[in-house]
Amino acid sequence: MEQFLKSVERRAFRMAEIATGSRDDALDVLQDAMLEFVRAYAHKPEEQWKPLFYRIVQNKIRDWGRRSKVRRIVMTLLPSRRPGQDREDADPLQAIRDPAAPDPYRGAKTGEALRRLEAVLRDLPPRQQQVFLLRVWEGLSVNETATAMGCSQGSVKTHYSRAMNTLQEGLKDNWP
Amino acid sequence: MNREPDLSDHIKRCLDESVEDLDALTTAKIAAARATALQEGAPKRLPWRWPAIGLATAVVGFLALMSTFRSAPPPLTAEQREVLAIISSEKNLDFFKNLEFYAWLEKNRDVMKGG
């Protein structure tokens, strides 16, 4: 179990970070997902672990999205907040970079490419983003991705195709 | 036509590099999260519990067995039966009221015989 978690935890963390836009929130998502996975699925056959683990990760990301939406609604209702001050899909606090934080990117060129990639990935609808990362990055099959996402294989293919088109369009001018 | 696979490869490599370049603090936090999950998520095993329950069961069973096969108490003597009859008889409750007198009588039996 420990070896399995070691093999997936960093990519799962980065997926959560791309989805949430926050390193702290991504850590919370990962912690909750690993805890729930160990509790609920440790007894399952190992070949089922990866899609089941990512299913929990996706559920946690979805829970985070719901909580964030509620938080944004409450924030907009406060009298000190001006209507329309925040975008619906962006938390301004999360957009502020910590100047003291170490730069996680290797070189300027790679860093710029990654920032551009993350920006396009974040603009994808959540389901497209998740399907794309699970298929391309984690290497899950269509069937495993469908299990992880809790949807049909047809939906996986549709989400993947649309995500790929958007990425091609969004990255064509800036991709190295 | 080959644009799509190339793009996927580039994206994968770019994301892989971002994972490799995670800073030490974040890596440590991820490791701590894993350790916590393994510690708290694993089913609680109490190695002392089952032996303790087994031992307690064995002791109770042994005592029950001993009480079943324990030899019957020795038969009462005639005097003991008489005393038991007196004590258990409702008609002789006066015996308890005069217990002090009977104790005095027993103590002075020899004196009274001599007198």
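Predicted model: local features only at pLDDT ≥ 70, side-chain atom pairs only at ≥ 80, totals over all residues.
**Contact between the chains**

- Chain A contributes 31 residues to the contact and chain B contributes 26 residues.
- On the side of chain A that touches chain B, the elements giving two or more residues are α1 (2-20), α2 (23-41), α5 (108-123), α6 (126-137) and α8 (153-171), and α2(A) gives the most, with 8 residues.
- Sorted by class, this side of chain A consists of 20 nonpolar, 3 polar and 8 charged residues.

**Nonpolar core**

- The largest nonpolar core has 43 residues, of which A:Ala12, A:Ala16, A:Leu30, A:Ala33, A:Met34 and A:Val57 touch the most other members.
- α1(A) supplies the largest share of this core, 8 residues.
- Leaving aside residues up to four places away in sequence, A:Ala16 touches A:Ala26, A:Val29, A:Leu30, A:Val57 and A:Ile61.

**Packing of α1(A) against α3(A)**

- The axes of α1(A) and α3(A) come within 11 Å and cross at roughly 25°; since angles under 35 degrees count as roughly parallel, the two helices are therefore roughly parallel to each other.
- α1(A) passes α3(A) in a right-handed crossing.
- From α1(A), the residues A:Phe4, A:Val8, A:Ala12, A:Met15, A:Ala16, A:Ala19 and A:Thr20 meet A:Trp49, A:Lys50, A:Phe53, A:Val57, A:Ile61 and A:Trp64 of α3(A), and by class this contact has 11 nonpolar, 1 polar and 1 charged residues.

**Packing of α1(A) against α2(A)**

- The axes of α1(A) and α2(A) come within 8 Å and cross at roughly 135°, which makes α1(A) oblique to α2(A), and the crossing is right-handed.
- On the α1(A) side the contact is made by A:Leu5, A:Glu9, A:Ala12, A:Phe13, A:Ala16, A:Glu17 and A:Thr20, and on the α2(A) side by A:Arg23, A:Asp25, A:Ala26, A:Val29, A:Leu30, A:Ala33 and A:Met34.
- The residues of the contact between α1(A) and α2(A) divide into 9 nonpolar, 1 polar and 4 charged.

**Helix α7(A)**

- In α7 of chain A, which spans residues 142-149, the buried residues are A:Glu144, A:Thr145, A:Ala146, A:Ala148 and A:Met149.
- The elements covering the buried residues of α7(A) include α3 (49-77), α6 and α8 of chain A.

- A:Met1 lies in the segment before α1 of chain A and is partly exposed, because 17 other C-beta atoms lie within 10 Å.
- Although A:Met1 and A:Trp49 are 48 residues apart in sequence, their C-alpha atoms are 9.2 Å apart in space.
- Not counting residues up to four places away in sequence, A:Met1 touches A:Val38, A:Ala42 and B:Leu38.

**Make-up of chain B**

- Chain B has 7 helices and 0 strands, and along the sequence its pattern reads α-α-α-α-α-α-α.
- Of the 115 residues of chain B, 7% count as buried.

Definitions and conventions:
Residues numbered from 1 in each chain as written. Chains lettered and ligands numbered in written order. Contact = placed C-beta atoms within 7 Å. Helix = DSSP H or I, 4+ residues; strand = E, 2+ residues; numbered from the N terminus. Nonpolar A, V, L, I, M, F, W, Y, C, P; charged D, E, K, R; others polar. Buried ≥ 20, exposed ≤ 12 C-beta atoms within 10 Å, placed from the backbone. Core = buried A, V, L, I, M, F, W, Y, C linked by C-beta atoms within 7 Å. Axes fitted to C-alpha atoms, helices over the stretch in contact; angles between N-to-C directions. Parallel < 35°, antiparallel > 145°, perpendicular 65-115°, else oblique. Left-handed = near helix turned anticlockwise from the far one by under 90°.
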